[in-house]
Amino acid sequence: MSLPQPRADAAALVTGASSGIGVDLARELAARGHALILVARREGKLREVADELSAAHGVRVEILPADLSEREGRLDLLRRIDELGLDVDVLLNNAGYGLSGRFIDLEEDRQEQMIRLNVEAVHHLARALAPGMAERGSGAILLLASIAAFQPVVGMSDYAATKAFVLSLGETLHEELKSRGVTVTTLCPGPVKTEFWDVAGELEGNLNPKPMWAKADKVAREAIEGLEKGHRVVVPHAPVKLASIAGRHTPRSLLLPIMKRAGK
Ligand SMILES: NC(=O)c1ccc[n+]([C@@H]2O[C@H](COP(=O)([O-])OP(=O)(O)OC[C@H]3O[C@@H](n4cnc5c(N)ncnc54)[C@H](OP(=O)(O)O)[C@@H]3O)[C@@H](O)[C@H]2O)c1
């Protein structure tokens with residue numbers, strides 16, 4: 001099981017393709033000859049990515065601007081995909097953002113919008129598009145979780161919880177869909193220098209030391225290679241892999257107070 005072969009009447013849907021990891025994921029797929037449907041809110045940025053990729057790789061690139069945190073936005077996106085007459089045979093569910101700060105100090109509206117984007121949109125698009133892949137007996141889905149999915153994160157409570165949902169969903173779908181010809185891989189990066197940190201704000205304390213940081217292009221390359229190999233979970237970058245093991249296995253009674261002290 002691996003990535004479906006590119007074909008004229010199918011495309012890869014990449015959400016959050018206007019910046020950061022999403023742009024590099026789109027680059028990886030375009031280089032493999034996949035037509036693309038790029039989604040995010042900023043149409044101008046999507047247009048720049050589309051122009052770059054169609055010129056460099058000669059692939060069809062459609063842009064469909066949408067606010068994925070709104071159910072109406074997602075339903076409208078699915079209608080517009082139908083109108084294009086393309087099967088979505090690869091879904092890269094990447095759009096998401098984080099919020100740094102203590103739970104009761106964050107803006108409630110932003111917390112709820114984040115849950116709608118990081119959880120509801122990921123669920124909605126997978127639920128809408130996976131049945132078609134299963135019916136055709138071929139498809140690939142990448143879900144963007146985070147190293148924050150492996151343990152609670154003091155100072156990023158909601159974000160870590162949304163990514164724990166994504167990891168749990170992704171691991172189960174991997175098992176449920178593999179007999180139907182659909183590969184599901186969950187990507188769990190550590191910190192990556194993207195606009196993510198402008199939106200989230202810096203995490204308090206030294207919880208992301210220098211060796212943990214990876215480049216977006218490397219993360220995207222490892223992600224697509226993992227998808228091609230049918231891996232269940234990809235944790236790119238060796239120091240992050242180690243930290244993810246510690247995050248999974250350190251008793252919470254030790255981990256949480258250490259994180260809390262680091263944040264002071
Ligand atoms: N950077 C990190 O350190 C890191 C680490 C682990 C996991 N991740 C995960 O990686 C994914 C990509 O993040 P990134 O680092 O590449 O950050 P980024 O550069 O900020 O990219 C986020 C993307 O999501 C899109 N987006 C945000 N809100 C949206 C909305 N309401 N509707 C549609 N699209 C929306 C943004 O586009 P518009 O603003 O144009 O809508 C942008 O294209 C996220 O799921 C993030 O949680 C990031």
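Start by selecting D89, which counts as buried because its relative accessibility is 2% (buried means under 20% relative accessible area, exposed over 50%, and partly exposed in between, with a 1.4 Å probe and protein chains only). You will find D89 in strand β4, residues 87-93; helices (H or I, at least four residues) and strands (E, at least two) are DSSP runs, numbered from the N terminus. This is a predicted model, in which local features need pLDDT of at least 70 and side-chain atom pairs count only at pLDDT 80 or more, while totals for chains, interfaces and linings use all residues. Residues are numbered from 1 along each chain as its sequence is written, and side-chain values use heavy atoms, with hydrogens and water left out.

Now select the ligand and its surroundings. How many residues surround the ligand? The shell has 30 residues, and the closest are S18, S19, R41, Y159 and T194; a residue belongs here if one of its heavy atoms lies within 4 Å of the ligand. Colour the shell by type and you get 15 nonpolar, 10 polar and five charged residues. In this scheme Ala, Val, Leu, Ile, Met, Phe, Trp, Tyr, Cys and Pro count as nonpolar, Asp, Glu, Lys and Arg as charged, and the others, Gly among them, as polar.

- In the side chain of R42, an N or O atom is 2.8 Å from a ligand oxygen.
- In the side chain of D67, an N or O atom is 2.8 Å from a ligand nitrogen.
- At N94, a backbone N or O atom lies 2.8 Å from a ligand oxygen.

Switch to a surface view here: the ligand taken alone exposes 880 Å², and the protein buries 96% of that (areas by the Shrake-Rupley method with a 1.4 Å probe). Which elements give two or more residues to the shell around the ligand? They are α1 (20-31), α5 (157-178) and α6 (196-200).

For the aromatic stop, select Y159, F196, W197 and W213, which ring pairs link into a cluster. Rings of Phe, Tyr and Trp (its six-membered ring) pair if their centres lie within 6.5 Å; planes under 30 degrees apart count as stacked, over 60 as edge-to-face and the rest as tilted. The count comes to three aromatic pairs. Zoom in on W197 and W213, a tilted pair at 5.5 Å centre to centre with 55° between the planes. W197 sits in helix α6 and W213 in the loop between α6 and α7 (216-228), so this pair links distant parts of the chain, 16 residues apart. W197 counts as buried because its relative accessibility is 12%.

Move on to H237, in the loop between β7 (233-234) and α8 (238-249). Most residues other than glycine have a negative phi. The phi of H237, however, is positive, near 80°. H237 counts as buried, at 15% relative accessibility.

Finish with P209, in the loop between α6 and α7. P209 is partly exposed, with a relative accessible area of 32%.

Technical notes. A polar contact is a pair of N or O atoms within 3.5 Å; within protein, one must be able to donate a hydrogen and the other to accept it, and residues adjacent in sequence count only if both atoms are side-chain atoms.
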